[in-house]
Amino acid sequence: MKATARAHPIQGLVKYHGMRDDELRLPYHDSISVCTAPSSTTTTVAFDESLDEDRYVIDGETVDGRGRERIEAVVSHVRERAGISSHVRFESENDFPTNVGFGSSSSGFAAAARALCAAAELDLSLPEISTVARRGSASAARAVTGGFSDLHAGLNDTDCRSERIESGLEDDLRIVSALVPAYKETEEAHREAADSHMFEARLAHIHGQLAEMRDALRSDDFERTFELAEHDSLSLAATTMTGPSGWVYWQPTTLEIFDVVRDLRESGVPVYFSTDTGASVYVNTTAEHVDRVESAVADCGVETRTWEVGGPARVLDESEALF
């Protein structure tokens, strides 16, 4: 009962903020994202009756505290569904920077859910596996289905699951990731989101944004899609900054990159910025313009990587197992 899976992290386009249920990680509203490749998390799991306890390792470090609790929520759910009682050995590796706003929890829990379901021999569709991953991270549900995906809000696993949105933008999109390292507290920001005086305004606004985003993606409208994503990043930050803790994640370099993007756009380049919870920046452009955009962003003194659209979480061959 062993399996290995790989998943790509997500860039939020219309992001969820806050959860109505912390245990099941049920968001207040739908959310849409795009997976970024080749950045990925690879996870190997094995249910083993010879083990006397569960073992969780990420990037060579034993996981404890809140991180362990979140993994255990996913593992326990799989055990219950499959009728398994044995302990699990769990090892995971990321090939991109983590805890800097690039969605490592999304790929981490998506790969974990995919591997756990395979090891437990659960015959589930990707939307069904997305409900397993959601128990670790709501954004991981969208990383399971890959590409442009939509996590529907709901109060149960039938309603609150992710589905793929087919779009012709997948082939041409290029994402220049600008690494601005700064510590972040995503979970705390979600926990206090509803306490912001701007939260109700965001809820009233978000449903129109979601409808516009779905239509823009299905219409293959690059400019409208990423104008919406840029606007949503500003809306999310406003809500986060006006919560009780006053989280301000952006750094001076973050704002410098925003200015570079706007200057490029004024010169005719189709380019838009986006941020999740963190200081790092996604810069969205097309294959034709990506070299010019990457060069301009790198001139801000940041590490850059160029990503494309990633597919769904997938099970790998035994030869790629981590142990």
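This is a predicted model: local features need pLDDT of at least 70, side-chain atom pairs count only at pLDDT 80 or more; totals for chains, interfaces and linings use all residues.

**The sheet and its helices**

Modeller: Six strands make up an open sheet with mixed pairing, in the order β8-β7-β9-β6-β1-β16. The edges are taken by β8 (61-62) and β16 (314-315); each has a single partner strand, so one side of each has no neighbour in the sheet. As a reminder, strands in a sheet pair through backbone hydrogen bonds, in either the parallel or the antiparallel sense.

Now for the pairings around β9. Strand β6 (residues 41-48) runs antiparallel to strand β9 (residues 87-94), and eight bridges join them. On to β7: strand β7 (residues 55-58) pairs with β9 in the parallel sense, over four bridges.

Next, the helices. Helix α1 (residues 65-82) packs on the sheet and touches β6, β7 and β9. The direction of α1 makes about 125° with that of β7.

Then there's α2, which lies across β1 (2-7), β6, β9 and β16 and runs at about 35° to β6. Helix α2 covers residues 104-119, 16 residues in total. From first C-alpha to last, α2 reaches 22 Å, close to the 22 Å expected at 1.5 Å a residue. Is α2 enclosed or open to the outside? Of its 16 residues, 13 are buried, so α2 is largely enclosed by the rest of the structure; the cut-off for buried is under 20% relative accessible area. If you're picking out faces on a helix, remember that an α-helix has 3.6 residues a turn, so residues three or four places apart point the same way. Just after α2, have a look at Glu121, which takes a positive phi of about 60°.

One more spot while you have the model open: Ser162, in strand β11 (residues 162-165). Ser162 is buried, with a relative accessible area of 0%. Its side chain makes a polar contact of 2.7 Å with that of Thr145. Beyond its neighbours within four places in sequence, Ser162 is in contact with several residues, including Pro127, Ser130, Ala141, Arg142 and Leu151.

Definitions and conventions:
Residues are numbered from 1 along each chain as its sequence is written. Side-chain values use heavy atoms; hydrogens and water are left out. Two strands pair if DSSP finds at least two bridges between them. Helices (H or I, at least four residues) and strands (E, at least two) are DSSP runs, numbered from the N terminus. The expected span of a helix is 1.5 Å times one less than its number of residues. Buried means under 20% relative accessible area, exposed over 50%, partly exposed in between (1.4 Å probe, protein chains only). A polar contact is a pair of N or O atoms within 3.5 Å; within protein, one must be able to donate a hydrogen and the other to accept it, and residues adjacent in sequence count only if both atoms are side-chain atoms. Contact means heavy atoms within 4.5 Å. Axes are lines fitted to C-alpha atoms, for helices over the stretch in contact, and angles run from 0 to 180 degrees between N-to-C directions.
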